[in-house]
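Student: I would like to work through this model with you, question by question. Can we start with its charged side chains?

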Amino acid sequence: MVDVETNTHTFDSLTVASDFEAKVDASNDAGIREGIDAAETTFTTKDNRPPHPVGGLAVGESGYNQTSITISWDLADNTAEDRIVTGIMASVAKEGAAEGDAAIEPQTVGSDVTSATFELGGAGEYVFTVKNHERLQRRGGNLYEHNSHG
């Protein structure tokens with residue numbers, strides 16, 4: 001129940017990345033609500049938690065004269081907590097590469113992709129990195145989207 005002098009209400013402890021519905025109805029001093037339609041709105045709270053790092057990073061089996069390699073990873077920690085991952089960047093760099101050596105382009109993949117294949121520049125030792133993209137932060141301070149009805 002909200003005092004009639006107040007026309008706002010703050011909801012606390014809402015679950016992130018969840019849908020909610022809020023309704024407001026009115027009554028007169030006698031408590032009569034008949035014929036008065038409630039105003040209602042729906043909104044979704046945003047998930048402003050950063051994603052966890054990817055887990056289970058593994059490099060596929062290598063062989064003689066092989067020119068490509070596949071790396072894989074999992075998103076289990078993010079999935080378990082319903083954390084939003086908007087994209088992933090996978091990269092590989094040859095250790096001790098001389099300046100001017102051809103760089104291996106990083107790959108930006110979708111949020112549900114769990115592997116990437118790279119063409120390597122020959123024999124050597126390589127460092128593989130997989131990162132979650134920076135998530136979009138709050139826009140204009142809003143942490144929710146809403147649709148009004150009523």
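Student: Which side chain meets that of K23 in a salt bridge of 4.0 Å, N to O?

Tutor: First, a caution: the model is predicted, so local features need pLDDT of at least 70, side-chain atom pairs count only at pLDDT 80 or more, and totals for chains, interfaces and linings use all residues. Residues are numbered from 1 along each chain as its sequence is written, and side-chain values use heavy atoms, with hydrogens and water left out. A salt bridge puts a side-chain nitrogen of Lys or Arg within 4 Å of a carboxyl oxygen of Asp or Glu. For K23, at 4.0 Å from N to O, the partner is E40.

Student: Which strands hold K23 and E40, and how many residues separate them?

Tutor: Strands are DSSP runs of E with at least two residues, helices are runs of H or I with at least four, and both are numbered from the N terminus. K23 is in β1 (residues 19–24) and E40 is in β2 (residues 39–45). The pair links distant parts of the chain, with a separation of 17 residues.

Student: Is K23 buried or exposed?

Tutor: Buried means under 20% relative accessible area, exposed means over 50%, and partly exposed lies in between (1.4 Å probe, protein chains only). E40 has 27% relative accessibility, so E40 is partly exposed. K23 has 53%, so K23 counts as exposed.

Student: Which residues do salt bridges with shared partners join into one network?

Tutor: The whole structure has 3 salt bridges. E81 pairs with R83, with the closest N and O atoms 2.7 Å apart. The network with shared partners consists of E21, K23 and E40.

Student: How far apart are the closest N and O atoms of K23 and E21?

Tutor: K23 forms a salt bridge with E21. The closest N and O atoms lie at a distance of 3.6 Å.

Student: What is the strand order in the open sheet of 3 strands?

Tutor: Two strands pair if DSSP finds at least two bridges between them. β3 (55–59) and β7 (115–119) are the edge strands, each pairing on one side only. The pairing is antiparallel, and the order is β3-β4-β7.

Student: Which residue in β4 is the bridge partner of A58?

Tutor: β3 and β4 (residues 68–74) run antiparallel, joined by 3 bridges. In β4, A58 has as its bridge partner S72.

Student: Which residues does V85 touch, leaving out those up to four places away in sequence?

Tutor: V85 sits in the loop between α1 (76–80) and β5 (88–94). Its relative accessible area is 13%, so V85 is buried. Contact means heavy atoms within 4.5 Å. By that rule V85 touches P51, N78, S111 and N132.

Student: How far apart in space are V85 and P51, C-alpha to C-alpha?

Tutor: In sequence, V85 and P51 are 34 residues apart. In space, C-alpha to C-alpha, the distance is 6.0 Å.

Student: What share of the contacts with a separation of 6 or more comes from residues 24 or more positions apart?

Tutor: The chain has 1 helix and 9 strands. Of its 150 residues, 19% are buried. Residues 24 or more positions apart account for a share, among contacts with a separation of 6 or more, of 67%.
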